[in-house]
Every structure is written in C-alpha cells, then in structure tokens.
Amino acid sequence: LISIVPVSETTLLVKFNEKLLANAPASIAFQLTPAIEITSTNFTDETLTTLQLTLMTPLQVRTLYALSVHEIFDCNGNEIQTEFSTASFALPEPAEEKDLIVNEILFNPRPTGVDFVEVYNNSDKYISLKGWSIANYIDGTILNAKPVSADDFLVAPHAYVVLTEDKNVLPGEYVQAVEKNVFEVSNLPSFNDDEGTVALIDADGSMIDLFSYSDDYHSVFLKDDEGVSLERISAEATTNDRANWQSASSAAGFATPGYINSNARSEMLADRVNVEPEIFEPVNGQPSFTQIHYNFDTGGYVANVKILDGQGREVKQLANNALLGTTGFLRWDGDAADGTKVRTGYYIVWMEVFDSKGRVDSFRKRVIVASRFQ
C-alpha cells in the first residue's frame, strides 16, 4: 500500500505497488480509523494497481485517517505483508494567505552545500502541495516558477517541509537536519547571494507568502554568512519585517532544516539563564552533566560562557563569541579545559551576552559538582 488520495469527501483512490488479482477485493478487506463504512471497491483501470473506494459517510476535514488492508493478494497470489498494509491520509483544504509561510532560507550555501527553502504549515489544515510552485517575485511579476510536486503531497498542521535540489546533501552539511522533512525538487528558482525573493504559489497561481531577503539581514557579528540560513522568528509576525528574521545560531550549526528555528520565539522562563540540574555527579552520577539553558525575547545575541571555581579562576570556557538563538542550552560535563575532571565543590557559570546595539547583560549561576573522580 503506497498511497491513499481522497478525491472527494466520499471517494478514495488507493494505490498499490504491484498488480492485484483480477477480482477487486471486497469492502471488508479495508478498515478505516476513525471508522467509516466502505460501500464499494472498483479498479480504476486495467493496470489493477489502483482501487476506488466509495464511503458511506463523508470524510471530515482536519482529521487524520488510517486505512488498513488485509487479505489482499497480488497477481501471483502473494498476500500483502502486515508492515506494508497501513497508511495515513487526510482530506486537504485550500490554503489561504499565510497558512503556509516561508520559515527559513539558505541562499548562500557552502561550496559543498545546496540552497534550501523551509516551508511551515501555520494552520490547523492539512494542505496538499500538488500543483504548487516556488518562484521569484520581481516588480509585481511571478518569475522562474518551479513545481514542487505533480502528485499529492500532504503537509500536516504545524509541520515543516524543506525543499532542496539534493536531499542527500543537507544531512551532511547540517547534522541535526530532520531527514524525513527534507524533500527533493528537480529545480529551485535562482536565489542570489546578496538579495532576492522567494514566493509560495498555490495550484491556482495565487501567491500565499512572499519573502524578500537580503544578506544585510544576517547578524553583524558573522565574519562570513556562507552556509548560514536566515530564520523566521515569529510565524505570526509579518513575513517581510526585517526584524522578524535572524541568522541561525552557531549553537544550532547555522541552520535548522526540518525542525523548529533556533530563533523561534517561545514562552519566557522565569530566569533568562537557568542551570539544570544545579547539582550533578559526572561519569557515575544521574544526572552526569549539567545544562545551561538560555531563553531570550529575541535572537542574535553573542555569548561568552565560562566555568569559574570558588576563587573566581577560569576552569573552562564553554562558548567564545557564540551566536545564540532565542532558546537553547550549553552542556558542561564537569571537566576542565585540559580534559581532566574537576574537584568536587561549588562552581560558577558566568555568562555574558551582548547585541549589535551594544547592550550587555551578564549572569552568574551556581553549580555543584557532587563527588570527586578517580
């Protein structure tokens, strides 16, 4: 079972990768969850690979369905295997403006990398990208429109989709990339390294979102923006507000393809910097390390983070002019700069952050190493 496409509220097209027996399977071979009775099954053509199912009651929007099949045989009499007998689908809804948004773009990749555009479903709808395109938009005209998919391509609510010309490259360039959310397209429009545009065009030719970018949007603290993506900060704020875009943080590897942006706004912690756990026992303990969490109202801060002993002497530097997102953490394993384990006792996490406007904040948090190492 390779795909299920709802062509109407009461009709499904169910496709298999092999030719089935000539007699169409009975309705009882199919089970829908949530339950809807199937009243008839018919082959759509002589290939005997696609069935049309008719439903007694209509599908509901914003509902994820699962179809399971059993006792279905290919033309050689082989029964479908259990692990390949279930698939999910939903009834798609038309997208309105800003339902799908440009969420991240890499327009100046490293020599070994590739451009990518990340799209985010900022709605509760299931939206099909069949017939959609990615394009440039210049002087009021849609240009260089490149198709996303000729087949049904369903994007779940609040899901991420990364479009690139070579999906095998991104995981090598950005090890945290979520591969299941990366999809290959034959072509992307041209994205210049200095400035350009990316537009999302639906199947009817309507522009759903547009981002006009510039390399000036990158952090002034970057020595080189090659291989650094621009991330959207807020899904709700205006796409073309320069303040709504920031360079991906160095802590995230300078890009976040397929998952939440390093600069995405989240609920503020009571403290902007928090150490958790405050007491830990490295190597043998549970937990065996501590994390320095940060949560700021905006991204783009540059941080220096050091571990100091009880006399204020530097033990280890955890970050040196690191570009931060809005949220994240640094990890300390209870080791010194030379790799040896520190003595038991009290230590201070000292964190200084500053931005491009010259604002500086510093934080001091206590952390305790609970035991001495052998």
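**View 1. A salt bridge between Glu 173 and Arg 110.** In this predicted model, where local features need pLDDT of at least 70, side-chain atom pairs count only at pLDDT 80 or more, and totals for chains, interfaces and linings use all residues, the side chains of Glu 173 and Arg 110 meet in a salt bridge at 3.0 Å, N to O. A salt bridge here is a side-chain nitrogen of Lys or Arg within 4 Å of a carboxyl oxygen of Asp or Glu. Glu 173 lies in helix α1 (residues 170–173) and Arg 110 in the loop between β8 and β9 (116–121), so the pair ties together parts that are 63 residues apart in sequence. Helices (H or I, at least four residues) and strands (E, at least two) are DSSP runs, numbered from the N terminus, while residues are numbered from 1 along each chain as its sequence is written, and side-chain values use heavy atoms, with hydrogens and water left out. Glu 173 is buried, with a relative accessible area of 18%, whereas Arg 110 is partly exposed at 27%; buried means under 20% relative accessible area, exposed over 50%, and partly exposed in between (1.4 Å probe, protein chains only).

**View 2. A salt bridge between Arg 62 and Glu 93.** The side chains of Arg 62 and Glu 93 meet in a salt bridge of 2.9 Å, N to O. This pair links distant parts of the chain, with Arg 62 in the loop between β5 (50–55) and β6 (64–69) and Glu 93 in the loop between β7 (86–90) and β8 (100–106), 31 residues apart. Arg 62 has a relative accessible area of 45% and is therefore partly exposed, while Glu 93, with 16%, is buried.

**View 3. A salt bridge between Asp 361 and Arg 272.** Asp 361 forms a salt bridge with Arg 272, and the closest N and O atoms are 3.1 Å apart. Asp 361 belongs to strand β27 (residues 360–369) and Arg 272 to the loop between β19 (245–247) and β20 (273–276), so parts that are 89 residues apart in sequence are tied together by the pair. Asp 361 counts as partly exposed, at 26% relative accessibility, and Arg 272 also counts as partly exposed, at 28%. Elsewhere, salt bridges that share partners join Glu 96, Asp 99 and Lys 125 into one network, and the count of salt bridges comes to 13.

**View 4. An open sheet of five strands.** The sheet has the order β21-β27-β26-β23-β24, and its pairing is mixed. At the edges stand β21 (279–280) and β24 (314–323), each with a single partner strand, so one side of each is left without a neighbour in the sheet. Two strands are said to pair if DSSP finds at least two bridges between them. β21 and β27 pair in the parallel sense over two bridges, and the bridge partner of Ile 279 in β27 is Ile 368.

**View 5. The hairpin of β11 and β12.** Strand β11 (residues 133–138) and strand β12 (residues 141–147) run antiparallel and are joined by five bridges. Ser 133 has Pro 147 as its bridge partner in β12. Two residues lie between the strands of this hairpin, and Asp 139 in the turn has a positive phi of about 55°.
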